[in-house]
Amino acid sequence: MKQKVVFVAAALLCLFPFISSASALVMGFSLATLGLVPANLELTRWTKKLLAYSIVGLGFGINVQQALAVTSDGLGLIVTSIVATLALGMGLARLLNLEITTSYLISAGTAICGGSAIAAVAPAIKAKDQQIAMALATVFMLNSVALFVFPVIGHALQLDQTTFGTWAAIAIHDTSSVVGAASAYGEQALITATTLKLSRALWIVPVALVSALLFRSGSRKIVIPYFILFYCAAILLSDTLPQFQLAYDWVFSLAKQALVLCLFLIGSSISLEKVKASGAKALVFGVILWLAISSATLAWLLLA
């Protein structure tokens with residue numbers, strides 16, 4: 001009874017906006033480590049459903065016109081960085097002898113938009129909760145570092161507002177960290193970073209569909225993540241009927257908080273032993289991949 005009360009109370013706490021995604025993941029992991037997660041809960045089943053619903057809700061926060069208004073050069077950089085990140089990630093995973101599913105999730109999160117991309121790709125490749133948790137933990141840790149380090153590097157190199165905004169949009173994983181770092185740098189940097197980030201986020205759809213194709217086994221049919229289609233429908237609906245923007249904003253906010261609850265459930269399904277077994281390699285992989293993409297993108301922008 002004590003386990004259930006503590007678990008439910010912690011889950012309800014994740015519905016409040018002052019609980020961040022990283023905090024929810026740590027909270028769930030802490031309860032699992034302390035043995036406070038009820039054994040009869042079907043965490044995997046509920047997590048997958050809630051993840052799908054969360055991703056659909058996030059579609060209401062994508063502004064199609066703003067995303068498609070990016071320059072051709074910016075769009076080309078986005079496509080190149082996504083393809084290069086995924087390719088480099090797969091090669092690096094083989095070099096480090098890292099488990100392929102976890103490394104692919106980290107690569108997808110690095111290539112597109114952090115936790116949202118991981119959440120979208122995970123069902124398509126049938127990732128396990130432990131693998132999702134490792135990928136999310138790695139991305140969140142690097143996001144925290146980027147939030148403080150990027151503005152310092154930008155000022156040290158005397159990057160202009162547009163260059164910094166472009167660099168932040170490509171090299172930082174999650175939207176929240178991109179916005180945080182860019183807003184600390186300047187208003188034009190924020191506008192540039194937000195616009196490119198929105199365009200980058202749209203690539204969740206094709207990457208998730210391609211991922212389902214790549215990870216099918218034997219003669220099994222391709223597992224199409226149908227919620228991605230509803231994600232597209234949400235984007236189109238909010239763009240076609242803008243008069244309901246208040247409702248879209250409410251759904252978007254609810255979806256973001258539901259995603260926080262998902263991370264709590266994911267954290268609740270792993271243990272300290274599992275983290276020790278696979279966490280170190282995943283973190284090293286994520287750091288190397290992130291440094292490579294960040295450095296290459298910055299070099300390209302400085303030489304362009």
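1. A friendly start with Gln158: at 72% relative accessibility, this residue counts as exposed. Gln158 sits in the loop that links α8 (129–156) to α9 (161–171). Its phi is near 55°, a positive value in a residue other than glycine. Please keep in mind throughout that this is a predicted model.

2. As background, most residues other than glycine have a negative phi.

3. Next comes Thr110, found in helix α6 (residues 100–111). Thr110 has a relative accessible area of 4% and therefore counts as buried, the cut-off being under 20%. Its side chain makes a polar contact with the side chain of His173, at 3.5 Å. Leaving aside neighbours within four places in sequence, Thr110 is in contact with Thr85, Ile170, His173, Arg200 and Leu289.

4. The largest nonpolar core has 93 residues, and Leu105 and Phe264 touch the most other members. Not counting residues up to four places away in sequence, Leu105 touches Ile118, Val121, Ala122, Ile125, Ala127, Gln131, Ile132 and Ala135.

5. Val8, Leu12, Leu13, Leu15, Phe16 and Phe18 make a nonpolar patch of about 570 Å². One of them, Phe16, lies in the loop between α1 (2–13) and α2 (21–33). Phe16 counts as partly exposed because its relative accessibility is 43%.

Definitions and conventions. Residues are numbered from 1 along each chain as its sequence is written. This is a predicted model: local features need pLDDT of at least 70, side-chain atom pairs count only at pLDDT 80 or more; totals for chains, interfaces and linings use all residues. Side-chain values use heavy atoms; hydrogens and water are left out. Patches are made of residues with over 30% relative accessible area and no salt bridge: like charges are joined within 9 Å, nonpolar side chains (Val, Leu, Ile, Met, Phe, Trp, Tyr) within 5 Å. Accessible areas come from the Shrake-Rupley method with a 1.4 Å probe; for residues, only the protein chains shown count as cover. A salt bridge is a side-chain nitrogen of Lys or Arg within 4 Å of a carboxyl oxygen of Asp or Glu. Helices (H or I, at least four residues) and strands (E, at least two) are DSSP runs, numbered from the N terminus. Buried means under 20% relative accessible area, exposed over 50%, partly exposed in between (1.4 Å probe, protein chains only). A polar contact is a pair of N or O atoms within 3.5 Å; within protein, one must be able to donate a hydrogen and the other to accept it, and residues adjacent in sequence count only if both atoms are side-chain atoms. Contact means heavy atoms within 4.5 Å. A nonpolar core is a set of buried Ala, Val, Leu, Ile, Met, Phe, Trp, Tyr and Cys residues joined through side-chain atoms within 4.5 Å.
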